[in-house]
Amino acid sequence: MRGGAEYSVFDFAYDEADEESFRLVDGKPPPRPRFGPRWRFQQQKQLPQRKDEEVEARKREAEKERQRRDRFYNQNRNVQRREAAVFRSSVDIQPEWTMLDQIPFTSFSKLSFSVGEPEDLVMCGALEYYDKTYDRVTPKSERRLERFKNRNFFKVTTTDDPVVRRLASEDKATVFVTDSILSTLMCAPRSVYSWDIVVQRVGNKLFFDKRDGSQLDLLSVNETAQEPLPEAKEDINSAYSLSVEAAYVNQNFSQQVLLRDGNKIDFPEPNPFASEGEEVASVAYKYRRWKLDDEIFLVCRCEVHSVLDAKGQTSFLTLNALNEFDPKLSGVDWRQKLETQRGAVLATELKNNANKLAKWTAQALLSSADVMKLGYVSRVHPRDHFNHVILSVQGYKPKEFAAQINLSFNNMWGIVKSVVDVCLKLAEGKYVLVKDPSKPQVRLYEVPVDAFENDYVEEPLPEEEQVPPPPPEDENVAKSNEEKQGDADV
């Protein structure tokens, strides 16, 4: 006690409520984690002024590593899924068929055969001029894909071709085929889906045919992609639905990029499949003959789709369209990448559609086309498979493009020569080459002479002998039938 005041530092009233609320607080720093990355704290002290840059750099490295792991995981998963995917045979193998041979694709890889320049025997049809403005189309100036319902497209097989029959009767060759069938055979090692080619031995001649309604009339989509497409036909992204859509897109594209001003180049003979006054698609047929050896000649019906005048020179073009259906599945959005990363888009297509692009290239080489035009056509919306837009058109020289995709012309002819030699040893009759749906090989079957005849469309009777169909019950039934017929035509 000092001065006049009486107090003590411990002089306070005890309060039970305060005692209960009182808690001790640990003032020591928290312990460091036993397994923490201590180097990060040291690095931050060393470069405090570049903290944000270092953090962002580490984030980028971590993201790259994650993407690398994801790619590795997805590749293994997709390969397993691709191997596990079950593909159906393009034709039902019947019990009475006799398998004569099976040829693995590995035996095709080393084949090589050199042919000379072909000889043009017959030229038919007419070509319209290419519209150069489509070379300047970009995703920002896209063009709506039109529909050409009034123009007829012909997919006539070899033995139904009147010009082929004429050339066969004149004994112009030993082997007869169309470019779609020949390119399928030439590019067989790149195929994944099943296909079939009918072989008919008549006397000393061979005819390579397709069945009516064959898958050769359609265009595969994502055939060689790692991720298999859905199997359900009702799915708009199934393999079958996409192949029908691709054929529809391809036909309409080939006619839209033309100057429809009436100017045409007419060849010596008219279109052999068109009736008088019928509006047909722009196409010219070249019936070309190659010499395989001293006794064997091959005639192929080749196609070109348009013509272009540039600097006084006439160039023949083939026109085909690649179609984008869902950027999320392909991994490349054409609308974003076509202008800035066109090479990446083409590389993705070459990976996913190696067989289709090889067949288009083979057909351009067979017809001696000067330029092959590839259109990039996309859906207006990923879930709308009826409406499309043209995003870009690119031109390539067939020989240069073939070299780019490692497609050897001599190897393709080597495959053809080997198959022709095998078939010429067969007795007269009918046979079918079938790509195995699950293995990289083709099988040769002997089939009855009347096989596949029920698949062919019969010739209509003359009008005076036709019985008119009964009238529909109402207009709705008639309209429904017309729509179904239109879908079937597409």
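Two strands count as paired if DSSP finds at least two bridges between them. Strands themselves are DSSP runs of E with at least two residues, helices are runs of H or I with at least four, and both are numbered from the N terminus. With that in hand, let's look around.

What you see is a predicted model, where local features need pLDDT of at least 70, side-chain atom pairs count only at pLDDT 80 or more, and totals for chains, interfaces and linings use all residues. Residues are numbered from 1 along each chain as its sequence is written, and side-chain values use heavy atoms, with hydrogens and water left out.

**The whole chain**

The protein chain has 13 helices and 15 strands. Of its 490 residues, 42% count as buried (buried is under 20% relative accessible area, exposed is over 50%, and partly exposed is in between, using a 1.4 Å probe and protein chains only).

Ten strands make up an open sheet with mixed pairing, in the order 1-15-14-5-6-4-9-8-2-7. Strand 1 (98-104) and strand 7 (264-266) sit at the edges with a single partner strand each, so one side of each has no neighbour in the sheet. On average, neighbouring strands here are turned by 20 degrees against each other, direction ignored. (Axes are lines fitted to C-alpha atoms, for helices over the stretch in contact, and angles run from 0 to 180 degrees between N-to-C directions.)

| Strands | Sense | Bridges | Opposite residues |
|---|---|---|---|
| Strand 4 and strand 9 | parallel | four | Val175 and Leu298 |
| Strand 5 and strand 14 | antiparallel | six | Asp196 and Val434 |
| Strand 5 and strand 6 | antiparallel | five | Val202 and Lys205 |

Helix 12 (residues 409-424) packs on this sheet, touching strand 4, strand 5, strand 6, strand 8, strand 9, strand 14 and strand 15. A touch, or contact, means heavy atoms within 4.5 Å. The direction of helix 12 makes about 120 degrees with that of strand 6.

**Strand 5 and its hairpin**

Strand 5 is mostly covered, with five of its seven residues buried. Two residues lie between strand 5 and strand 6 in their hairpin, and Gly203 there takes a positive phi near 65 degrees.

Is Lys205 buried or exposed? Lys205 counts as buried because its relative accessible area is 12%. Its side chain makes a polar contact of 3.5 Å with that of Asn204. (A polar contact is a pair of N or O atoms within 3.5 Å; within protein, one must be able to donate a hydrogen and the other to accept it, and residues adjacent in sequence count only if both atoms are side-chain atoms.) Leaving aside neighbours within four places in sequence, Lys205 is in contact with residues including Ala168, Phe176 and Gln200.

**Cys300 in strand 9**

Cys300 has its place in strand 9. With 0% relative accessibility, Cys300 is buried. Not counting residues up to four places away in sequence, Cys300 touches several residues, among them Val177, Asp179, Lys286 and Trp290. Lys286 is 14 residues from Cys300 in sequence, and their C-alpha atoms are 8.0 Å apart.

Now for helix 9 (residues 342-352), whose buried residues are Val345, Leu346, Thr348, Glu349 and Asn352. Seen down the helix axis, they fall within an arc of 155 degrees, so they line one face of helix 9. (That arc is taken from the directions from the helix axis to the C-beta atoms.) The face turned away from the buried side carries the exposed residues Gly343 and Lys351.
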